[in-house]
Amino acid sequence: GVILAVGRRVDSTDAFRALLAERVGVAKKDLSTWNEFAKSIEFHRGDIQTREDFESLRDHVVQLEKDRGLPGHRLFYYAVSPALFGSITEQLSGVGLIKRGIEPGTPWQRMIVEKPFGHDAESAAALDEQLHHFASERQIYRIDHYLGKETVQNLLAFRFANGLFEPVWSNNFIEHVQITVAEGV
């Protein structure tokens, strides 16, 4: 597989890999492991507001799939303002990178939209409607990395601060954990 990042602030794949290594804090002892992993990371310089840049992104994706013998499965991760979800999906669809629906036996295309999905029920429904013009519900995954963050951190503090629970809160005694956040919004 390959990870292809898109942005405007970096000029090349090498510069992007160096930036990632710095941000991740790759230690010298782990440099060879990092360099091996980094071979799967590519960068595409482009502006998500221009059709030409989506066309060049499509060409880059198709070339990477060809060069690496990839089957065409694509996962798009949107870490941008929710106001851009619809236009990005429209552009990806317009250049053929996302096709609505999933036909049996054909490569899949999916998207993950991150951050708050609207600011109320009405704006969330409007975003949903925009995305559904170009992708089916089965192709859309919604996440918000802030939901439950504090609760999970409190669980970790509770585990290690409590001598009664710490020894048994491990993979030796817990088969699985399920966290459900029931919200009215």
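The following legends describe close-up views of a predicted model.

This is a predicted model in which local features need pLDDT of at least 70 and side-chain atom pairs count only at pLDDT 80 or more, whereas totals for chains, interfaces and linings use all residues. Residues are numbered from 1 along each chain as its sequence is written, and side-chain values use heavy atoms, with hydrogens and water left out.

**View 1. The open sheet β3-β4-β5.** Three strands, in the order β3-β4-β5, form an open sheet with parallel pairing. Strands are DSSP runs of E with at least two residues and helices are runs of H or I with at least four residues, numbered from the N terminus; two strands pair if DSSP finds at least two bridges between them. β3 (74-78) and β5 stand at the edges with a single partner strand each, so one side of each has no neighbour in the sheet. On average, neighbouring strands of this sheet are turned by 15 degrees against each other, direction ignored. Axes are lines fitted to C-alpha atoms, for helices over the stretch in contact, and angles between N-to-C directions run from 0 to 180 degrees.

**View 2. Strand β4 and its two partners.** Five of the six residues of β4 are buried, so this strand is largely enclosed by the rest of the structure. Buried denotes under 20% relative accessible area, exposed over 50%, and partly exposed the range in between (1.4 Å probe, protein chains only). β3 and β4 run parallel and are joined by five bridges, with Leu75 opposite Arg110 in β4. The chain passes from β3 through α4 to β4 in a right-handed β-α-β crossover. A crossover is right-handed if, with the strands pointing away from the viewer, the path from the first strand over the helix to the second runs clockwise. Strand β4 (residues 109-114) and strand β5 (residues 140-143), also parallel, are joined by four bridges. Within this pairing, Ile112 stands opposite Tyr141, Val113 has Arg142 as its bridge partner, and Glu114 faces Ile143. β4, α5 and β5 make a right-handed β-α-β unit.

**View 3. Helices α4 and α5 packed together.** Two packed helices are described by the angle and the distance between their axes. The axes of helix α4 (residues 85-94) and helix α5 (residues 121-132) come within 9 Å and cross at roughly 5 degrees. The two helices α4 and α5 are therefore roughly parallel to each other; angles under 35 degrees count as roughly parallel, over 145 as roughly antiparallel, 65 to 115 as roughly perpendicular and the rest as oblique. Phe85, Gly86 and Thr89 of α4 meet Leu127, Gln130 and Leu131 of α5, where contact means heavy atoms within 4.5 Å. By class, the contact of α4 with α5 has three nonpolar, three polar and no charged residues. In this scheme, Ala, Val, Leu, Ile, Met, Phe, Trp, Tyr, Cys and Pro are nonpolar, Asp, Glu, Lys and Arg are charged, and the others, Gly among them, are polar.

**View 4. Helices lying across the sheet.** α4 lies across β3 and β4, at about 155 degrees to β3, and α5 lies across β4 and β5, at about 150 degrees to β5. The buried residues of α4 are Phe85, Gly86, Ile88, Thr89, Gln91 and Leu92, and they pack against α3, β3, β4 and α5. Gly96, which follows α4, has a positive phi near 85 degrees.

**View 5. Ile48 in the loop between β2 and α3.** Ile48 is found in the loop between β2 and α3 and counts as partly exposed at 28% relative accessibility. Leaving aside neighbours within four places in sequence, Ile48 is in contact with Phe54, Val80, Leu84 and Ile88. Ile48 and Ile88 are 40 residues apart along the chain, and their C-alpha atoms are separated by 6.7 Å.

**View 6. Ala135 in the loop between α5 and β5.** Ala135 is placed in the loop between α5 and β5 and is buried, with a relative accessible area of 0%. Beyond its neighbours within four places in sequence, Ala135 is in contact with Ile98, Arg100, Met111 and Ile140. Ala135 and Glu90, 45 residues apart in sequence, are 9.4 Å apart in space, C-alpha to C-alpha.
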